[in-house]
Amino acid sequence: MMNIDITVLDNLIALNLDVKIWTARKKLLPVDFGGAELPPEELASLGSKKICDPKELRIFGTLKARAVNLLDRTGVRFLGGWGIPEDKADEIVTELTDIRADFLNAKAQFLNRYDEAIKDWIVQHPGWESLIGSSSVSADYVRSRLDFKWQFFKLVPPNDNVVGHGLQNEVSELGGTLFDEVAKAASDTWKRCFEGKDKVTHKALSPLRSIHSKLAGLTFVEPRVVPVVDLLDTAFNRVPKRGYIHGSALVMLQGVVSLLRDPVTLVTHGQKILDGQDSSEILAGLVADTIQPVSEELPPSEAEFIPEQAHQHQIDSHGLW
């Protein structure tokens, strides 16, 4: 692994996403079973009971996932949160503020009908009124268990090398973490957009552009990120501007996605570009022939991505994956 200077922290700002979601669960107690004989504690333990319909709380999990997706698209996992390019901080705050507003609005709506929601849950489970009712909690308690906030903080490494060793290790692993995250996103992209396809619309490029944007914002993390960004730029420039993407252009994109899915090979080729190999040469290895003129066949709707099912396209790896 290439040594990475801790000055990476000059461009990085850490973010902790602090979202609290009430689970609506309480621990089951022996009294909940009305005196029924239970196995001894050393043999089995009691689980939990749901005291409110989980569907009532689903929106909060959805909004948290939206925030996590935003941070995964922009930053890299770091110190239990995310490392964010400092120049992206304002943009992140704007989007998190919008999500927080939706969260607080959903919280207010839920609390306004909290008593009714508990009653509805009890009605849905006749015979268990006591089990649910005996464990209900106040709306004020639930209010305290629902929150959406975040904290940014700037890291300053200690002067003592021994004391700062742990942080140095965390920073040195950022590049590997970033390429691993790219590999995961590329694998999802492959399954959703490229696997088994013989033509796709331009919508299939959207997840690749997200990967490109993430990498372009984090080029300071690892020297071999820049050549990967250049490789993606070159690939995008070779895709026809309109119509379906098929033939050698599609094979090239499928090769690029396969390359992104393999962090080890990706880093190897990033180093080759740093050593002087042109990114075009890498792409040339992904297709056996040159890109053919694009037909004017247009998809029924660019907004609706419904790729045609086709036989599996076999791609020559050319030693890339």
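A: Let us begin with the surface: accessible areas come from the Shrake-Rupley method with a 1.4 Å probe, and for residues only the protein chains shown count as cover. By that method the protein chain exposes about 17300 Å², of which carbon and sulfur atoms supply 51%. Please keep in mind that this is a predicted model, in which local features need pLDDT of at least 70 and side-chain atom pairs count only at pLDDT 80 or more, while totals for chains, interfaces and linings use all residues. Residues are numbered from 1 along each chain as its sequence is written, and side-chain values use heavy atoms, with hydrogens and water left out.

Q: How many helices and strands are there in the protein chain?

A: Helices (H or I, at least four residues) and strands (E, at least two) are DSSP runs, numbered from the N terminus. Read in this way, the protein chain has 12 helices and 8 strands.

Q: What percentage of the residues in the protein chain is buried?

A: A residue is called buried under 20% relative accessible area, exposed over 50%, and partly exposed in between, with a 1.4 Å probe and protein chains only. Of the 321 residues in the protein chain, 41% are buried.

Q: How are two packed helices described?

A: One gives the angle between their axes and the distance between the axes. The axes are lines fitted to C-alpha atoms, for helices over the stretch in contact, and the angles run from 0 to 180 degrees between N-to-C directions. Here the axes of helix H8 (residues 206–217) and helix H9 (residues 225–237) come within 9 Å and cross at roughly 150°. The crossing of H8 and H9 is left-handed, a word used if the near helix is turned anticlockwise from the far one by less than a right angle, with right-handed used if clockwise.

Q: Which residues of H8 and H9 make the contact?

A: Contact means heavy atoms within 4.5 Å. On the H8 side the contact is made by residues including Leu208, Ile211 and Leu215, and on the H9 side by residues including Val228, Leu232 and Phe236.

Q: At what angle do H7 and H10 pack?

A: H7 and H10 pack at an angle of about 145°, with their axes 8 Å apart, and their crossing is left-handed as well. Val182, Ala183, Ala186, Trp190 and Phe194 of H7 meet Leu250, Leu253, Gln254, Val257, Ser258 and Leu260 of H10. To sort such residues, Ala, Val, Leu, Ile, Met, Phe, Trp, Tyr, Cys and Pro count as nonpolar, Asp, Glu, Lys and Arg as charged, and the others, Gly among them, as polar. The contact of H7 with H10 then has 9 nonpolar, 2 polar and no charged residues.

Q: Which residues of the largest nonpolar core touch the most other members?

A: In soluble globular proteins, nonpolar side chains tend to be buried together. A nonpolar core is a set of buried Ala, Val, Leu, Ile, Met, Phe, Trp, Tyr and Cys residues joined through side-chain atoms within 4.5 Å. The largest one here has 46 residues, and Phe194, Leu208, Leu215 and Leu260 touch the most other members. Among the elements that each supply at least two residues of this core are strand E4 (76–78), helix H7 (174–194) and helix H10 (247–260). Apart from this core lies another, of 35 residues, among them Leu57, Leu63, Tyr114 and Val142.

Q: Is Val8 buried or exposed?

A: Val8, which lies in the segment before E1, counts as buried because its relative accessible area is 5%. Leaving aside residues up to four places away in sequence, Val8 touches Val171, Leu174, Phe220 and Val221.

Q: Where does Lys107 lie, and which residues does Lys107 touch?

A: Lys107 lies in helix H2 (residues 89–112), and Lys107 counts as buried because its relative accessibility is 13%. Not counting residues up to four places away in sequence, Lys107 touches Phe60, Arg143 and Leu146.

Q: Where is Ala24 found?

A: Ala24 is found in the loop between strand E1 (12–20) and strand E2 (25–27). Phi of Ala24 is near 60°, a positive value in a residue other than glycine, and Ala24 counts as buried because its relative accessibility is 1%.
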